[in-house]
Amino acid sequence: MKNKENTSPVLAFVDIETTGSHFERDRITEIGIKTLTPTDVIEWESLINPETFIPLNIQRLTGISPDMVADQPTFEELSLQLKEELEGKIFVAHNARFDYGFIKASFKRLGMDFRPKVLCTVKLSRLLFPGQPRHNLDTLIATHGLEVSARHRAMGDADLLLQFWRVCEQAVGKARLLEAVHQLTASVSLPPNINQSVIDSIPDTPGCYMFYGEHNAPLYIGKSIAMRTRVMSHFQSALTVRKEMKLSLQVFHIDWIQTSGELTALILESRLIKERMPSMNIKLRKSKDLCAWQLVTDSAGVQKPTLVTHAQLQPGLQDNLYGLFYSKKEAHSYLAAVAKKYQLCEALLGLEKAVEGKPCFGYQVKQCQGACIGKVSLDMHHLKLQTALNLYKVQVWPFEGAIAIKDGDSMVVIDKWCYLGIANDHDELYSLAESGQAEFDLDIYKIVKKAITGSHKQHVIQLRKMFETTT
């Protein structure tokens, strides 16, 4: 009879320190590995010369300075030894996508394939301790009383993962723990018509992926900053999620388009869904019947919302626009909802026929405060209407001319919320900025508005100013 201990997997608890968080741009400065075998714990660690500058904030966090790594081996010099150290073991890391992603990218630059089974201790913690609100490493230290020897150093943090493993073993037992490991590392069953070679060829980079059914019918279009990982997650969910199961059974072919970053992937996804109309996507509508409300004061001094239809609509140029809708029906439903929420008069809003001196229907059912019969002043009614609509005001284009938003190695060119194209050099920037040929698209407007006020705020270049400087 076999000893059960010998059936335990060999686990390599791995932690790395780096010059930053970007797989392609940044480099590894230290690796620490604690390998747990059925009989022993084996340690392997090394500082690594990243052959690039270590930012000051990283130096302060890790304590690793340029002087410390100047005479250390490079990743290339350690690569064969490191691969041998990790070969045949389960790669265990906290937020494993970071550590595994860096090491995989480093091997890839040398033309070496690295594809171990990966176990993320964040996912393991969530699975075994679902009542715990947070699962970052500092929380695990505090919650489980882990002993810190060298926080933010590779071997010190790798040791914390080994301690956490032993906590899990005590808490749930060895059998349940190994069952959880199998659950989190089990191979994904691929769809019957898709080969592993197809999956392997999908880059784990930003872009859009397309699933096609029989006779090349578009099934689904998605986007991700890591396409291969996202595609595999569809198939991983196929056993439990009905929609993913249906997709998995129907897919015959997968195609993809790489983009320079997340913003370009979002814009491309929106455009591709409209062009190809895949059957399993929520349909994104074209903006051909777009309309919006505009506040207009009539001869009696009553401020009324007036619908501006597509022919007169100029989003980004008109200051007095509220809401953007794909149809008149949608616009009227929205205004009726606003009236109900803020107890406005539907007669004064033009949603029902007004009869002079008589209350509207809303007043009779206590949904209007009585502006129609003078119970509330028109000024107060106007103020409440303006306040409610301001929440949905269409922002006027805040720049002088076109802008470029840096996204990875490319520039997304936008003017008056309209997408003009992707530029890779100064000439393309100038050509796109001068073209001005684009149709307003509501989905692109939402994507760009979010980008320039959020994650891409620091990457906006006003092209007119740039051209004036360079000419």
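In this predicted model, strand S13 is mostly covered, with six of its six residues buried. The side chains of the strand divide between two directions: Ser410, Val412 and Ile414 point one way, while Met411, Val413 and Asp415 point the other way, and all of them are buried. Anyone browsing the structure will find S13 taking part in two hairpins, one with S12 and one with S14.

On the S12 side, the two strands pair in the antiparallel sense over five bridges. Asp407 has Ser410 of S13 as its bridge partner. Two residues separate S12 from S13 in this hairpin, and Gly408 in the turn has a positive phi of about 65°. Although Trp417 is not a glycine, its phi is positive, at about 70°. Is Trp417 buried or exposed? With a relative accessibility of 0%, against a cut-off of under 20% for burial, Trp417 counts as buried.

Not counting residues up to four places away in sequence, Ile405 touches Leu263, Ser410, Met411, Val412, Ile414, Val448, Ile452, His456, His459 and Val460.

A separate part of the model holds an open sheet of three strands in the order S10-S9-S11, with antiparallel pairing. Strands S10 (303–308) and S11 (322–325) stand at the edges with a single partner strand each, so one side of each is left without a neighbour in the sheet. From one strand to the next, the twist averages 30°. Strand S9 (residues 291–297) runs antiparallel to S10, and six bridges join the two. Within this part of the sheet, Val296 stands opposite Lys304 in S10.

Helix H15 (residues 378–390) lies across S9, S10 and S11, and runs at about 35° to S10. His382 is one of the residues of helix H15. The relative accessible area of His382 is 12%, so this residue is buried. Which residues does His382 contact, leaving aside its neighbours within four places in sequence? Gly301, Val302 and Gln303 are the residues in contact with His382.

Strand S7 (residues 218–224) is mostly covered, as five of its seven residues are buried. Strand S6 (residues 207–212) runs antiparallel to S7, and six bridges join them. Cys208 has Lys223 in S7 as its bridge partner. Five residues lie between the strands of this hairpin, and His215 takes a positive phi near 60°. Asn216 is found in the loop between S6 and S7 as well. The phi of Asn216 is positive, at about 65°, although Asn216 is not a glycine.

Two packed helices are described by the angle between their axes and the distance between the axes. The axes of helix H7 (residues 154–172) and helix H8 (residues 174–185) come within 7 Å and cross at roughly 120°. H7 and H8 are therefore oblique to each other. On the H7 side, the contact is made by Trp165, Cys168, Glu169 and Val172, and on the H8 side by Lys174, Arg176, Leu177, Leu178 and Val181. Sorted by class, the contact of H7 with H8 has six nonpolar, no polar and three charged residues.

Methods. Residues are numbered from 1 along each chain as its sequence is written. This is a predicted model: local features need pLDDT of at least 70, side-chain atom pairs count only at pLDDT 80 or more; totals for chains, interfaces and linings use all residues. Side-chain values use heavy atoms; hydrogens and water are left out. Two strands pair if DSSP finds at least two bridges between them. Helices (H or I, at least four residues) and strands (E, at least two) are DSSP runs, numbered from the N terminus. Axes are lines fitted to C-alpha atoms, for helices over the stretch in contact, and angles run from 0 to 180 degrees between N-to-C directions. Contact means heavy atoms within 4.5 Å. Angles under 35 degrees count as roughly parallel, over 145 as roughly antiparallel, 65 to 115 as roughly perpendicular and the rest as oblique. Ala, Val, Leu, Ile, Met, Phe, Trp, Tyr, Cys and Pro count as nonpolar, Asp, Glu, Lys and Arg as charged, and the others, Gly among them, as polar. Buried means under 20% relative accessible area, exposed over 50%, partly exposed in between (1.4 Å probe, protein chains only).
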